[in-house]
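Let us walk through this protein piece by piece. Keep the sequence and the model side by side as you read.

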Amino acid sequence: MARTHPEGWQHLPAAGARGRERATLTQLAAALPHAWTIYHGLHWTRAEGAQLIFGEITFAVVGPGGRILLIEQHAGFLDETAEGLMRPGRRRAQHVSHELARSADQLRARLRPLLVGAEPLLDILLYCPDYHVRQPGSAGLDPARIVDASRRDAFAAIVLALTRAHDDDPPADPVRLQALHRFFADILELVPDVQSHIGQVDALTTRLSGGLTEWARRIDMQPHRLRVTATAGSGKTQLALAVYTDALGAGRRPLYVCYNRPLADHFAHIAPAGGEIATFHQLCDRRLRDAGRKPAFGAPGAFRRMEADFAALVASHVTTDWQFDELIIDEGQDFLEPWRDALLALLKPGGRAWWLEDPLQNLYDRPPVALPGWVRLNADTNYRSPADVLALLNARLPLPAPIRAGSPVADSEPEVLSWDDDAGLLEATKRAITRALGLGFKREMIVLLTFRGREHSRFTALEQLGPHRLRAFTGRYDLLGEPEHSQGELLIDSVYRFKGQSAPCIIFTEIDFEAADGRMDELTMRKLFVGATRATMKLIMVASARAAAQLAPPGP
């Protein structure tokens, strides 16, 4: 099966033109070997100097030798004219052959500098599965580059033949292939959504058009010290992944450090090989063990002692093995000031440092870390959460400033179910699960989040909720360091552990708080914000009667 970029396309709606494209992608992915890569949904509008470049290609297929095939799929009918094939129903005539040729020329021009002067091996193909081209010779394209309804069954074989390496092609170059992948991934502005919950096979993707990943990396400073304060869903961790990948591509050694173990585990799964990825405490443990000083985790105050020992070691013993060119600190709001100094001690002279944080996700109520002299960049647009979820949070939570919505999802209709006692809590949560399944979400797309920590949750002792077997973190890790979960099909986790992740449907349960004088305290506000912004498509909150009264969506 061919590789696809981005992943997660199986969750796209199966109706309309997008559904036809998904069917074609399914066909191609199954027919092409694993060494082939399919880039889909290619669409760009980019300004370069005074020239605006526009293009649209349904698929780009890259073979193992670096041959590229641009495929434009047109569902429905076409108009055959003396000037060639035309798209019907457009105010302005659009020649299919001209559009394909223009897109190909634009891509060739942009690929040449990346391929160090080598000519891109690029071809084009028109796929019109619903239309039989009566006069292919006058279509404005080589008839061999048109696959119409009469050749629909041979489509995948034709794609394979056009992208297979030819005898006179230059030898396959891994550096060249990597440049092609980075080019297509960057020009589409498509990046893996590293906050999708751990355990999912296919990572959902987020398009951050003109967003954090793009412009934060354009800032140039000496020394490079950039503090990015950005809201949930703005692309902080996507930025971290891009910076990490850039460093490896430039021959620099990166270090990625975060606070949350699930986020570190997932980042390690999706990041390229090379560099170092760890939580802060994992990093302390690794460095101390490398120096022959195994931390005594069973002793009282073990973690505080380990932090102090790590700081003293990196300050007094500078070794090449523990020096890095790029330092990326994610979840910076969860870090303490002494940790900052210990981490910066691992940076080589002239090295680059990034600090990514969101004060609204500070669930441990830690004071902000001072970073004197650092350049600060702010981003307040959430591209992940549905717009009506953010409207609810802006209306009901005492946020320091409104969060701007950047998601195209605007009609998710967040819901609040209430309960009065423990029995009512369980029943309301079961109703929420039934509601989510009825809306079409599969169990693997639903995450049950608890407002309370794992130690205090009413759900921790449960293996099953109604007919639903719960999949919960056991608190243990296997020999490879992977988290162990109980056998179940519905993931349940605490808002603390799930911070930094997301899922299509979030059922946020066990919500309970008492607002003194009608005022919500700071920690409650942050927990509600973090839990609610994990949802990418649907949010259902299960709250006590007193909490539900304050969280109900505003009326029309």
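Start with helix H11. Its residues Asp 388, Val 389, Leu 390, Leu 392 and Leu 393 are buried. Buried means under 20% relative accessible area, exposed means over 50%, and partly exposed lies in between (1.4 Å probe, protein chains only). Helices (H or I, at least four residues) and strands (E, at least two) are DSSP runs, numbered from the N terminus.

A word on the model itself. It is predicted, so local features need pLDDT of at least 70 and side-chain atom pairs count only at pLDDT 80 or more, while totals for chains, interfaces and linings use all residues. Residues are numbered from 1 along each chain as its sequence is written, and side-chain values use heavy atoms, with hydrogens and water left out.

What do the buried residues of H11 pack against? They pack against strand S17 (381-382), strand S18 (404-405), H13, strand S26 (535-544) and H14. Contact here means heavy atoms within 4.5 Å. Now pick out Leu 392, which is found in helix H11 (residues 387-396). Leu 392 counts as buried because its relative accessibility is 3%.

Next come the charged pairs. Side chains of opposite charge can pair when their charged atoms come close. A salt bridge is a side-chain nitrogen of Lys or Arg within 4 Å of a carboxyl oxygen of Asp or Glu. By this rule the structure has 30 salt bridges.

One of them joins the side chains of Glu 427 and Lys 430, at 2.8 Å from N to O. Both residues lie in helix H12 (residues 422-438), 3 residues apart, which is about one turn of the helix. Glu 427 is partly exposed, at 41% relative accessibility. Lys 430 is partly exposed too, at 22%.

Other bridges reach further along the chain. Arg 546 pairs with Asp 512, and their closest N and O atoms are 3.0 Å apart. This bridge links distant parts of the chain, 34 residues apart: Arg 546 is in helix H14 (residues 545-551), and Asp 512 is in the loop between S25 and helix H13 (522-532). Arg 546 is partly exposed at 44% relative accessibility. Asp 512 is partly exposed at 25%.

Arg 452 forms a salt bridge with Glu 510, with 3.4 Å between the closest N and O atoms. Here 58 residues separate the partners: Arg 452 sits in the loop between strand S20 (446-450) and strand S21 (464-465), and Glu 510 sits in strand S25 (residues 503-511). Glu 510 is buried, at 0%. Salt bridges also form a network that links Arg 227, Glu 357 and Arg 376.

The structure holds 5 cavities of 30 Å³ or more. A cavity is a set of points, on a 1 Å grid over the protein atoms alone, where a 1.4 Å probe fits but cannot get out; lining residues have an atom within 4 Å of a point. The largest cavity has about 110 Å³ of space. Of its 15 lining residues, the closest to its centre are Lys 236, Asp 330, Glu 331, Gln 361 and Gly 500.

Notes:
On a 1 Å grid over the protein atoms alone, a cavity is a set of points where a 1.4 Å probe fits but cannot get out, and a pocket is an open set with protein on both sides within 12 Å along at least five of seven lines; lining residues have an atom within 4 Å of a point. Grid points are joined across faces, edges and corners, and a volume is the space filled by probe spheres set on the points.
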